[in-house]
Amino acid sequence: MSASIAATEEKQSSGASSNDIADDIASAIAARKLPPGTKLREEALSRLYHVSRTKIRAALLILSKDKLIQIVPDKGAFVSQPSEKESRDIFAARRIIEGALAREFVAKATPADYHKLEKHLEAERRSLEGDHKVRSQLLGDFHVVLAEIVGNEVIREMLHELVARSSLITMLYQSDRDAACSANEHAEFIAAARSGDADLAARVMLEHLTHVEAALRFDSGTQHEKDLVSALLK
């Protein structure tokens, strides 16, 4: 595309920014209007948002950096589709890390730390009826907050990456009912940790992660590509 053509496209663009478009598509993915594997066609998006394809490409790049989509050279952009094996491996790694993390938390947490967790739990519960993406992020961030309180920066960085990948997985494959159960189990963990029983806290954490993994519904064989415009306008 020549510079003049690109400039003309930009002049024809609507007021929607690339960030706005990325947020809108992210919300559609979180609400499961765009199932894993759906192809995001630049031309369809350009018509839908009345913007240039240059602006659409910028929005897709934002989504790619957030791991919500995958951009495949010469094929296009697709809603991320974490495999079942990848998902199982991530939760196995989290159990190894977070069992020990729970014990460390019990040993180090102060009353102020428990108050911080309680406030986070309140935000989780408020999010259950709202945006799926926000809900998944808050449920995942609970675990990162634990690592921050413990104060091990290496574990925090490792867990941040694992939780980010887990949040995408739960956003795509977890039901609303199971999300509510996750919030309840976070409350159970806080209660167990407050008791001072490190073994109990670790057991509750491991059971929680096992429950989340067991509740994932991949059903990849039943997924069908949806018309992009219809999905976003639904």
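**His143**

I began with the side chains of His143 and Arg94, which are joined by a polar contact of 3.3 Å. A polar contact is a pair of N or O atoms within 3.5 Å; within protein, one must be able to donate a hydrogen and the other to accept it, and residues adjacent in sequence count only if both atoms are side-chain atoms. This is a predicted model, where local features need pLDDT of at least 70 and side-chain atom pairs count only at pLDDT 80 or more, while totals for chains, interfaces and linings use all residues. Residues are numbered from 1 along each chain as its sequence is written, and side-chain values use heavy atoms, with hydrogens and water left out.

I placed His143 in helix 7. Helices (H or I, at least four residues) and strands (E, at least two) are DSSP runs, numbered from the N terminus. Is His143 buried or exposed? His143 counts as buried, because its relative accessibility is 2%. The cut-offs are under 20% relative accessible area for buried, over 50% for exposed, and partly exposed in between (1.4 Å probe, protein chains only). I then listed its contacts (heavy atoms within 4.5 Å). Not counting residues up to four places away in sequence, His143 touches Arg94, Glu98, Leu101, Leu159, Val163, His186, Met205, His208 and Leu209.

**Whole chain**

I noted 11 helices and three strands in the protein. Of its 234 residues, 45% count as buried. Among contacts between residues at least 6 apart in sequence, 77% join residues at least 24 apart.

**Nonpolar cores**

I looked up the nonpolar cores next: sets of buried Ala, Val, Leu, Ile, Met, Phe, Trp, Tyr and Cys residues joined through side-chain atoms within 4.5 Å. In soluble globular proteins, nonpolar side chains tend to be buried together. Which members of the largest core touch the most other members? They are Ile25, Ile29 and Leu40, out of 33 residues. Helix 2 gives the largest share of this core, seven residues. A second, separate core has 26 residues, including Val106 and Ala202.

**Ala198**

I found Ala198 in helix 10 (residues 198–214). Ala198 is partly exposed because its relative accessible area is 22%. Leaving aside neighbours within four places in sequence, Ala198 is in contact with Arg103 and Val106.

**Gln70**

I found Gln70 in strand 2 (residues 69–72). Its relative accessible area is 47%, so Gln70 is partly exposed. Beyond four places in sequence, Gln70 touches Gly76, Ala77, Phe78 and Ser80.

**Largest pocket**

I ended with the largest pocket, which holds about 550 Å³ of space. A pocket is found on a 1 Å grid over the protein atoms alone, as an open set of points where a 1.4 Å probe fits, with protein on both sides within 12 Å along at least five of seven lines; lining residues have an atom within 4 Å of a point. Grid points are joined across faces, edges and corners, and the volume is the space filled by probe spheres set on the points. Of the 27 lining residues, Asp66, Lys67, Ala164, Arg165 and Leu168 are the closest to the centre of this pocket. Helix 8 gives the most to the lining, nine residues.
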